[in-house]
Amino acid sequence: MSTKKFLLQEKDIPTAWYNIAADMKNKPLPILNPKTKAPLDAEDLYPLFAEELARQEMNQTDAWIEIPEEVRDMYKIWRPTPLVRAYGLEKALDTPAHIYFKNESVSPVGSHKLNSAIAQAYFCKKQGVTNITTETGAGQWGAALSFAAKAFGLELAVYMVKVSYHQKPYRRSIMQSYGAEVIASPSMSTRAGRDIITKHPNYQGSLGTAISEAVELAMQTPNCKYTLGSVLNHVMLHQTVIGLEAEKQMEMAGEYPDIVIGCFGGGSNFSGISFPFLRHKLNEGKDIRIIAAEPASCPKLTRGQFQYDFGDEAGYTPLIPMYTLGHNFAPANIHAGGLRYHGAGSIVSQLKKDNLMEAVDIKQLDTFNAALLFAKTEGIIPAPESSHAIAAAINEALVCKEEGKQKTILFNLSGHGLIDMAAYDQFLSGDLSNHELSDDEIGKNLDELEHLI
């Protein structure tokens with residue numbers, strides 16, 4: 001009988017995170033002060049983030065950053081996660097490709113987000129911080145941080161994108177069960193929220209809006225720090241435990257991936273699975289394709305522009321060099337709420353600019369068709385976000401079938417969809433549609449940017 005799951009022991013949990021910036025020939029451009037346009041130092045971020053996280057954010061020299069013992073102990077609750085050979089999916093596609101997925105859905109909150117939530121809560125607690133704020137799209141990050149905050153005795157306020165707040169009530173319940181306060185964004189509790197509601201009374205929110213509100217609350221609350229679930233370098237860093245484990249597991253399987261795929265919103269799970277493999281491409285010239293799968297309705301990597309932009313809608317954050325659709329971009333209300341973000345992180349943007357990775361955009365209906373095939377063949381109902389990676393993996397496997405080539409494909413199953421069943425209900429009853437963006441819609445937002453590059 002062929003092996004289905006490749007399992008590591010707790011002793012195999014990585015002892016250090018991998019910092020890809022140290023190995024990049026072309027380092028990401030610096031983040032800038034929006035007023036002076038001067039590059040920021042780690043110290044400039046101290047008012048907003050825990051100091052150790054600010055230092056990790058700016059670190060471009062150390063390839064390995066040690067994981068604190070307390071964080072590794074917490075990781076043991078669900079790590080290492082399984083690597084699974086998708087025999088059922090391969091058979092259904094009749095493909096010569098070997099398809100593997102890293103199953104991050106086994107965490108207590110059902111997604112990969114806990115890898116960084118535990119680390120961020122730990123560094124905040126260690127500094128003596130008592131309160132933290134954040135934003136969340138589909139609620140995966142909010143749920144993860146709610147658990148992490150409780151584990152380290154921190155008070156948490158979560159601004160949840162309004163459309164997801166109503167679409168995904170059980171995610172909200174999970175956050176509240178862990179003790180977090182959850183506010184639908186835009187809200188009347190911040191100036192940023194009030195301004196947006198005044199201009200657009202029926203606005204259903206975006207991650208950019210929710211970030212503005214969370215940053216504002218953090219800056220106005222004593223002994224409070226802001227935490228972020230994606231986009232920033234230190235978040236990508238923490239997520240590399242995914243790919244570092246997958247490397248060992250692929251070795252156990254006696255294979256090495258030709259293609260590594262992750263869905264893409266701000267970049268956390270994508271970076272987590274891909275960066276450890278990408279280091280062999282950077283350092284040894286290993287021939288490997290890295291693919292980010294993003295929604296066709298929010299296509300920053302495939303149709304955006306490489307430019308300095310704010311990470312939030314109100315313009316509270318520093319200017320980040322990124323592929324962006326413009327911070328005023330209002331994404332369609334697709335069910336993959338975690339991917340509804342206007343920009344890509346600076347590291348991923350630089351890698352894409354240097355052609356070290358590629359991106360594809362996937363239509364909403366294609367993701368749900370892929371999700372149902374995966375559920376029927378592998379038994380796991382995937383999150384709508386993860387279904388973008390599944391759809392991209394299926395497309396690559398079908399190319400292998402057409403060409404008669406055996407390739408090894410690895411994708412990240414970033415989360416399960418058991419709390420997203422309302423989305424599946426809508427799809428199964430024919431109520432979902434694809435959202436197409438015109439060049440004019442994209443161009444209008446990009447024209448408003450200050451072109452610094």
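Asp12 and Lys11 form a salt bridge, with their closest N and O atoms 3.6 Å apart; the term stands for a side-chain nitrogen of Lys or Arg within 4 Å of a carboxyl oxygen of Asp or Glu. The model is a predicted one, so local features need pLDDT of at least 70 and side-chain atom pairs count only at pLDDT 80 or more, while totals for chains, interfaces and linings use all residues. Residues are numbered from 1 along each chain as its sequence is written, and side-chain values use heavy atoms, leaving out hydrogens and water.

Across the whole structure, a search turns up 17 salt bridges. Arg79 takes part in two that are worth a look. One is with Glu104, the closest N and O atoms being 2.9 Å apart. This pair links distant parts of the chain, 25 residues apart: Glu104 is in the loop between β5 and α5 (114–126), and Arg79 is in the loop between α3 (69–75) and β4. Helices (H or I, at least four residues) and strands (E, at least two) are DSSP runs, numbered from the N terminus. Glu104 is buried, at a relative accessible area of 0%, and Arg79 is buried too, at 2%.

The other partner of Arg79 is Glu245, again with closest N and O atoms 2.9 Å apart. Glu245 belongs to helix α12, so its pairing with Arg79 ties together parts that are 166 residues apart in sequence. Glu245 counts as buried, at 0% relative accessibility. Through shared partners, salt bridges join Arg79, Lys102, Glu104 and Glu245 into one network.

Now for the sheet. Seven strands make up an open sheet with mixed pairing, in the order β1-β4-β5-β15-β10-β11-β14. Two strands pair if DSSP finds at least two bridges between them. At the edges are β1 (5–6) and β14 (358–362), each pairing on one side only. Helix α12 (residues 241–253) lies across β1, β4 (83–85), β5 (98–103) and β15 (408–413), and runs at about 140° to β5. Helix α16 (residues 364–378) packs on the sheet as well, touching β4, β5, β14 and β15, and its direction makes about 95° with that of β14. Contact means heavy atoms within 4.5 Å; axes are lines fitted to C-alpha atoms, for helices over the stretch in contact, and angles run from 0 to 180 degrees between N-to-C directions.

Strand β10 is mostly covered, with five of its five residues buried. Ile259, Ile261 and Cys263 point one way, and Val260 and Gly262 the other. Five bridges join β10 (residues 259–263) to β11 (residues 289–295), and these strands run parallel. Within this pairing, Cys263 has Ala293 as its bridge partner, and Val260 stands opposite Ile290. Strand β10 also runs parallel to β15, to which three bridges join it; there, Ile259 is partnered with Ile409.

Finally, helix α9 (residues 191–199) packs against helix α10 (residues 207–220) at an angle of about 145°, with the axes 8 Å apart. The contact is made by Arg191, Ala192, Gly193 and Ile196 of α9, together with Thr209, Ser212, Glu213 and Glu216 of α10.

Technical notes
Buried means under 20% relative accessible area, exposed over 50%, partly exposed in between (1.4 Å probe, protein chains only).
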